[in-house]
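Q: I have not seen this structure before. Can you walk me through it?

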Amino acid sequence: MRVLMVASECYPLVKTGGLADVVGALPAALAADGCASRVMLPAYPSVLARLADARPVMREDDVFGGPGTLLSARGEGGLDVLALDAPHLFARDGNPYLGPDGRDWPDNHRRYAALCAMAARYADAPPDGWAPDIVHCHDWQAGLVPVYRMRATRRPPVVFTIHNIGFPGLFPAAAVAELGLPPERFAPDGFEYYGHLSFLKAGLVFSDRLTTVSPTYARELLTPRFGMGFEGVLAARAADLTGILNGIDDATWNPAADAHLAAPYDAARLDGKAADRAALQAETGLDPDPAALLACVVSRLTDQKGLDLLAEALPVLLDGGGQLALLGSGVAEMEDAFHALAAAHPGRVSVRIGYDEALSHRLVAGADAIVVPSRFEPCGLTQLIGLRYGTIPIVARTGGLADSVIDANVAALQAGVATGFVFEPVDAEGMRHALRRALAAFADRTAWRGMIQAAMRQPVGWTRSAAQYRALYNDLAPNAKDSGP
Ligand code: ADP
């Protein structure tokens, strides 16, 4: 079985969020199951710099204003990559989607249409003979693949995964002609979204199967509150939509062998975690207080992530003797608000604005709890990382957060299976209540230790989810042969 993944990000080549983690980790998990994957993505400078053995496999003279070459190459960890080298579209440093002014690049429609057109062309007639049995598209940037597939002769089934419906890939109607899309499909039952072209909707309407990244989010997407205008389209396709919970790469995220930590640890030897906690307090300027509940956040700072609720509820944590260490970046007002909180509570609140992979490891290892108060969360990865590191998640009851954290209710505590605190309604009062519960549990060291053990026992790797993707692929391409491990 051969699967061509099409995405705009792939860890560790380029990453702005969880999408990259998934696309980077799923191929290795599938390989163990007899399924070979190639990841096709744009050759941004950061990608080109990290590829080995690159050789051209396909070339087009004009992909929306310049030449495009598909490079076959190896990424770290043996990842099989097809990188679309089109300098007029992708030779730009920094965030893949945003220019130096912080706004979307004005030609994003051409950039990602080029990726989709090239993917459809390659899947139709791969010059190197690697004919995929399935094309697996991720998020709006890959949404036009099934549209460009319409003009192909070889048409492998397309699976489309929704990582976040909040990014619809909207462009003015004029883009339909510019991108060579069939004008008759610019209609409510096609890729039109209220007078705009939506790449996401193209993926939702024209792909053979749809998945999203947790069972709860799959249900939520059918409601107006979470569907963001796509609930009708999704309701029409409900029979083709499944939720498969993401995993995390348990080699990258392994407290027993994490090079970023002061001291490694596992469930049987938690003294390393205490050392990491002390090191984190020293590094972030927090008081060296062993009795404080140290909560952390690693997140984009946007409305989705609900961190304004944490800011509002923070007095509960601080009055209970707790501390907060936050790493994130995003909306300027939210960055400013957290800076102000850090200034008002030196030694109790530490805020680092920016993106820092190494610090994110030390934060999750050193903290006692990780807070994820998202208003919606398709899957969420940081709570899974928290579980793996015995760092108790305090999460909103939504999407993948609800599917991965077992609330510390009386029954779950009694059964020894509670792994965190799950709250609703998702508002400041809900957040306060969850913090009070966490503080009370933390005061009972035996109970807290039991939760750490349960959290660290919970499987959060890819094995189960990869098997579910594999079953879906088998269903769509029953005659594909195993590729061997
Ligand atoms: P989303 O994709 O919506 O941003 P996820 O929880 O699915 O949220 O994935 C976020 C990923 O990005 C996680 O791997 C998390 O550790 C990482 N991350 C988010 N913000 C930062 C940051 N400021 N520094 C380092 N890593 C971050």
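The chat below covers the ligand and its surroundings, then the sheets.

A: This is a predicted model, where local features need pLDDT of at least 70, side-chain atom pairs count only at pLDDT 80 or more, and totals for chains, interfaces and linings use all residues. Residues are numbered from 1 along each chain as its sequence is written, and side-chain values use heavy atoms, with hydrogens and water left out.

Q: What lies 2.6 Å from an oxygen atom of the ligand?
A: A backbone N or O atom of Gly18. At 2.8 Å from a ligand oxygen there is a side-chain N or O atom of Lys305, and at 2.9 Å a backbone N or O atom of Leu381.

Q: And how much of the ligand does the protein bury?
A: The protein buries 91% of the 560 Å² that the ligand exposes when taken alone. Accessible areas come from the Shrake-Rupley method with a 1.4 Å probe.

Q: New topic, sheets. What is the order of the nine strands in the open sheet?
A: The order is β3-β4-β5-β2-β1-β6-β7-β11-β12, with mixed pairing. Two strands pair if DSSP finds at least two bridges between them. The edge strands, each pairing on one side only, are β3 (52–60) and β12 (241–243).

Q: How do β4 and β5 pair?
A: Strand β4 (residues 68–74) pairs with β5 (residues 80–85) in the antiparallel sense over six bridges. Thr69 stands opposite Asp85 in β5.

Q: What about the sheet of three strands?
A: That open sheet runs β8-β10-β9 with antiparallel pairing. β8 (170–171) and β9 (192–193) each have a single partner strand, so one side of each is left without a neighbour in the sheet.

Q: Which residue in β10 is the bridge partner of Phe171?
A: Leu197. β8 and β10 (residues 196–198) pair over two bridges.

Notes. Polar contact = N/O pair within 3.5 Å; in protein donor to acceptor, adjacent residues only side chain to side chain. Helix = DSSP H or I, 4+ residues; strand = E, 2+ residues; numbered from the N terminus.
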